[in-house]
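Dear colleague,

I am passing on the structure that we talked about, and below it you will find some notes on what turned up. Please keep it open beside you while you read.

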Amino acid sequence: PAPSSSASPSSWTALRANALRALLSVVLSGCSGGKAALQNSARTVPLLLQLVRKGKSTLAPLATNTLWVLAHSHQRTVQNLRSLKALDVFEGVASVARESLRTDDQT
């Protein structure tokens with residue numbers, strides 16, 4: 001949902017970051033039911049990939065970590081990432097990060 005006029009963008013980012021931390025906790029907890037529900041949802045991977053693509057400093061690493069844990073030893077998630085061209089997204093993010101490091105080194 002779009003932020004309401006009373007909520008600041010930073011509060012929405014913090015809320016999303018906390019939600020991602022909760023998701024990451026679920027997939028790392030060993031609770032196979034929670035992890036399976038996320039892996040089998042048609043929305044999980046595309047939404048996480050969208051957060052990676054946007055590259056917000058707090059959200060992208062959390063989304064990337066969650067994707068990694070979901071994909072680890074789960075072929076269907078890996079296939080879903082391939083079909084969504086996730087490698088292109090990660091290469092783009094890495095390219096931006098490399099350029100940022102070069103710029104920082106030059107200053």
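**What was found**

Just after helix 4, S73 takes a positive phi of about 60°. Please bear in mind that this is a predicted model, in which local features need pLDDT of at least 70 and side-chain atom pairs count only at pLDDT 80 or more, while totals for chains, interfaces and linings use all residues. Residues are numbered from 1 along each chain as its sequence is written, and side-chain values use heavy atoms, with hydrogens and water left out.

Helix 4 itself covers residues 59-71 and spans 18 Å from its first C-alpha to its last, close to the 18 Å expected at 1.5 Å a residue (the expected span being 1.5 Å times one less than the number of residues). Helices here are DSSP runs of H or I with at least four residues, numbered from the N terminus. Among the buried residues of helix 4 are L59, L62, T66 and L70, where buried means under 20% relative accessible area, exposed over 50% and partly exposed in between, with a 1.4 Å probe and protein chains only. The buried residues of this helix pack against helices 1, 2, 3, 5 and 6.

In helix 1 lies V26, which, leaving aside neighbours within four places in sequence, is in contact (heavy atoms within 4.5 Å) with C31, G34, K35 and L38.

A search of the whole structure finds one salt bridge, meaning a side-chain nitrogen of Lys or Arg within 4 Å of a carboxyl oxygen of Asp or Glu. E99 forms it with R102, the closest N and O atoms being 3.0 Å apart, and both residues lie in helix 6, three residues apart.

Best wishes

Definitions and conventions: Helices (H or I, at least four residues) and strands (E, at least two) are DSSP runs, numbered from the N terminus.
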